Amino acid sequence: MISVFLETIIQAIGVILVSPLYSGILDKWKANVASRKGQSIFQPYFDIFKLLKKETTVSSNASSIFIYTPYVVFSTYIVISLVIPVVYPEPILLTPTVDFLGGALLFSLAGFLKIIEAMESGSNFVALGSARATSFSFLGESTLITVFFAVALITGTNNPYIEHEFAQIPQYYLALDHILATVAFFMLWLFETGKLPVESSGLAELGMIDDALIYEYSGKPLALLKWGGYMKQYLLGSVLLNVFLLPWGMQLGVLGAMEDIGIMFIKWLFLLFIALVIDTSLAKLRLFKVQDFLAVAFVLSITSLLLSVIQNA
Amino acid sequence: MSIFLSIFKKKIGYALSAITSIIFVYYGITIGNIYGYFFIISGLVWLFSSIFSIFYDTYGKWLSPLFITSILGMAIALTARTYIEFLAGWEIMTIPAYAIIGLNRKLDSPAFIFMGFGELSTILIFAGFIYAYTTSNSFYFTALDTYIPLIVITFGFMIKMGIFPFLVTEWLPIAHGNSPANASAILSATMTLVAAYGIVKMMLLSPDIPILGYILMGIGGFSIFFGALYAYISEHVKGLLAFSTIENNGAILSAIGVYMTYPTKTIAEFALDVIVTFAFAHSIAKTGLFMISGTVEGEALSKLKIIRNKLGEIGGILLASSMSGLLPNIGGVATWSLLESLFMEAYILHSTLSSISIITGSVIAMGEGFASAAMIKFISYTQVFKGITGKSAKITIFSIIGFVILILGSLSYLLFRNFIYGVPSLGIPNGFIIISEYSSGKIFGDISPFYVLILIVVFSLLTLGIFGKPKVRKTNTWNNGIKPREEYTAFAFANNIRLMLSKLLRTEIKGDSLETSTDIFWKVMYYIAKKYVSFSRRLARSYMNSSISWYIIYMILAFILITILVVIL
Amino acid sequence: MDIGSWGEIYMNWFLKGLKKGIKTEKFPKTNPIDIAPWSTELNGSGNVNCPTKAIDNGSWNSERCIYCRRCYPLYSPTGNIDIFKVNKKNNIFRRSFYVYPIDIGTCGGCNLELKLISSPQYDMTRFGIFFTNTPRHADALIIMGIMTEGMKEPLLNAYEAMPEPKLIIALGVCAISGGILGTGSQIKPDVIIPGCPPNPYTILKALIEAKGDKE
């Protein structure tokens, strides 16, 4: 009982504390490819700590819902971190709260709350960005749901831990439907975490999609939202790695849980390298082309679903 | 059934109907089988809308009696034991609704459209009942041998529920959108519920017919997608909600379809629970949302005057998140269970037929995305974006409904009685997990709404404790430094989809910047309707009549004649 | 995306970037590599007719000099880039300093020089300094240019929208004292960076000191 409890704590704390590091590593590598020395890999941590010390200015339109919903969003990400195999490969405390599909619905919940609380500010730029975010959310959410089901239909269950074990079998790993689902999920990951070619977080605010949702925030709520964004990137990417791309190598036991954080680190370096190459090679897509990008991901995941039931009778 | 009330004093009438609704709920709880749930739902909806009507009604003497008579009709239909009682209740329900819509704006066409389609559905139901009578030789609802009545009746009810492809003549949104908010609440929530109830009743009494199940699944799936899409781009406050009703009815229809295909016994039982959950989620949330639409002034989403209130905002957010299918509300449980049942069926069948369920499931996932988008747009522009702060009793009511929805999510375990589970070794005691099984013992997925709620609340408080409250200073909105002269309206909010899916929506640019969107189906049906009208106009020369409404009556007479002939032969 | 251009540009920037290597200077640990002389301290003696009254009895006022070179060769540049003044700094920005540049009426020169400190040679990001596009995320307001009528209100709005603690930085002589055309910014600055336009090295050093680092 105690060991399960410890593993739970290690997984939750691991996700919370380690997730900003990966964003920092990616930014540093991007700067290096751009011939600059770049910022420190711990820069996201420094940003968050500084923001926690600043005051919060809110627009006169907003009410206290604006200020307190970031806490709810952050806690939703913590709940998700308990149910997916992001650090530890066996179920831990409170894992059966939701299965994969429920996890996808929880991601949608976080997105929904973020958009509504952003609209609270009454700013036009925020409305602009929210309109864009909602108009792509239908493809994004549906791809997330169908990709999770693609794996579920092979293994016969929606339990993410069993799917994680199943993915280690070689002939399943190389099957066509698994490859298609992996590609679809990777494209979705690029979209959900706001990377190129879908979004560029630069200085031009008229091109922003996800950035608009944090545009009017400052101080502590901004720190929580940014941290939540890093956690979301880590959670989705870890699912990609642990269930689709590189499911091997996870250890058991309390000591194993701590080793797992390190093993995840190595796997993440691989994923970050791919993201780096894509980021520095492509330019941002025109806004309406983003729909094509997501539609391709969606169609791939549906194809993977169909293949898995038809050919595998 | 002493539901008849004194209808000449408005407020007393509403209060009495509220009391009798409570009696109805109690009756539903004591019945115990699946139909009891429908009674509970209807009773709750009527209770809330009656209380709301006490504060809302400023329309004149006619609204209150018609409202109550319509409720009376629905109650008769729900508790009917013979076909004739059911039909009587059905008609009593429809005619006052027709009157409400017609008298609301003194516009004729929405009311006529409503009546026309209502009568079409009545004809089909009537025909089905006649066939059932001939094969079972009784007027009472008993088990039947053939499935033909089921097919005919299902299509009849489907028209009433506003399902694709009939949805797009937009009779439902036009009709529901043109009536006052409390009437729209009972129309959307319970009238369509009576239709679903009818299908379920006939389905449980008829033999299995898998083909119809697949057709219904497909139709339901596409209704979800198109209903949600049109809800997102709609500019009319009540029209948006009416399209959302179509979408939810499509979901109920898909669940009915899953039941009809009957893959295994466990999945079929699960599907029945899905139907009930969806009915709960939709009806109660829709009532609340219509009340929100009743508290704002104006009908176009881009030009509303709203009153903001913190309680109202929280209630509105809870309602919207339930309609979007998000946890931990009951809407999330409903969406989860529907998708699980569809994919479980695909897994079980493992053949080309399962591609139908997969495609339906994917289309439903897209539809849910649009539904959340539509709800975000609705709530943002009616509650959140800008406005003056104020209090009002109406707001308190729908925020209560919002909390009811949240609590219902945690109570949804009661609806899934055979599917409760627990994993005590991992911290969740027995009785708190709903699982989806496809044959006894094999679990597909699980969910625990109560735990989700508790965990989110606990972690939020923990975060608040660790990080502390922020120091706040109020300033103006940052609009790049200049005073905001323009506003990002609701129309612009959905413009991305209008342009991206322009082939599907037939968006045109008129003049400088106006855009319109019409549906392809409407164009086709309009074309057919025009041809028919010109044909009948030519036929009219020989009938000396010149008013269209007579033709509807002629059609009805002809149909009744034909069915009687069939019966005799 | 059509296939032809895909084949051409695919991975081109990535490989080019790797080939080039890192080109950042080691300033301020080492000495600056190339300094434009006419943006540094002036020294000399004699009476000249300075258009902005920057030269007064042999002493040169950095806050008024627009480097028009009318005083050459009586006064000539020394190559000393430390001509900025930091009146107030804040230690919490040591590792993460977001600035919001606002142009209230420039000729464009200060904007160019400011943008240059994000280039690979100077690379402000290694100190944790970043640009941002909304004052709500910003720690410091960089004001450039003379005060124009139309920008009075946006400047005040931007100042109001920034959360405490914040710094005001006046970049360029126009923002400090009005240069040759107008008056300086209405808000009293905490950090003054003179020059017309200021040297990127000067700007970088001033920002480093404003955020609390001692180099």
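## Chain C at a glance

Buried residues account for 40% of the 215 residues in chain C. Keep in mind as you look around that this is a predicted model.

Take the contacts between residues at least 6 apart in sequence: 77% of them join residues at least 24 apart.

## The sheet in chain C

What is the order of the six strands in the open sheet of chain C? Reading across, you go β5-β10-β9-β8-β6-β7, and the pairing is mixed. At the edges are β5 (85–86) and β7 (129–131) of chain C. Each of these has a single partner strand, so one side of each has no neighbour in the sheet.

β5(C) pairs with strand β10 (residues 191–193) of chain C through two bridges, in the antiparallel sense. Here C:Val86 sits opposite C:Val191 of β10(C).

Helices pack on this sheet too. Helix α4 (residues 152–161) of chain C touches β6 (97–105) and β8 (140–145) of chain C, and its direction makes about 165° with that of β6(C). Another helix packing on the sheet is α6(C), which touches β5, β6, β7, β8, β9 (167–171) and β10 of chain C. The direction of α6(C) makes about 170° with that of β10(C).

## A closer look at helix α6

Is helix α6 (residues 200–210) of chain C mostly covered or mostly open? Mostly covered: ten of its eleven residues are buried. Among them are C:Tyr201, C:Ile203, C:Leu204, C:Leu207 and C:Ile208, and C:Lys205, too, is on the buried list.

## Where chain A meets chain B

The contact between these two chains involves 75 residues from chain A and 76 residues from chain B. On chain A, the elements giving two or more residues to this side are β1 (56–59), α3 (64–83), α4 (100–119), α5 (124–155), α9 (220–245) and α11 (287–310). The biggest giver is α5(A), with 17 residues. By class, this side of chain A has 40 nonpolar, 28 polar and seven charged residues.

Strands link up across the two chains as well. β1(A) runs parallel to strand β6 (residues 472–475) of chain B, and four bridges join them. One pair to find is A:Ser59 with its bridge partner B:Thr475 in β6(B).

## Where chain A meets chain C

Here 29 residues of chain A are in contact with 28 residues of chain C. The chain A elements that give two or more residues to this side are α1 (2–33), α2 (43–52), β1 and α10 (253–281). The largest share comes from α2(A), with four residues. This side of chain A divides into nine nonpolar, eleven polar and nine charged residues.

## The nonpolar cores

Which members of the largest nonpolar core touch the most other members? They are B:Ala255 and B:Ile256, in a core of 202 residues. The element that gives the most to this core is α5(A), with 17 residues.

Leaving aside neighbours within four places in sequence, B:Ile256 is in contact with B:Ile199, B:Val200, B:Met203, B:Leu216 and B:Ile275. There is also a second, separate core of 54 residues, including C:Ile129, C:Leu141, C:Ile192 and C:Ala210.

Terms used:
Residues are numbered from 1 along each chain as its sequence is written. Chains are lettered from A and ligands numbered from 1 in the order in which they are written. This is a predicted model: local features need pLDDT of at least 70, side-chain atom pairs count only at pLDDT 80 or more; totals for chains, interfaces and linings use all residues. A residue is buried if 20 or more other C-beta atoms lie within 10 Å of its own, exposed if 12 or fewer, and partly exposed in between; C-beta atoms are placed from the backbone. Two residues are in contact if their C-beta atoms, placed from the backbone, lie within 7 Å. Ala, Val, Leu, Ile, Met, Phe, Trp, Tyr, Cys and Pro count as nonpolar, Asp, Glu, Lys and Arg as charged, and the others, Gly among them, as polar. Two strands pair if DSSP finds at least two bridges between them. Axes are lines fitted to C-alpha atoms, for helices over the stretch in contact, and angles run from 0 to 180 degrees between N-to-C directions. A nonpolar core is a set of buried Ala, Val, Leu, Ile, Met, Phe, Trp, Tyr and Cys residues joined through C-beta atoms within 7 Å.
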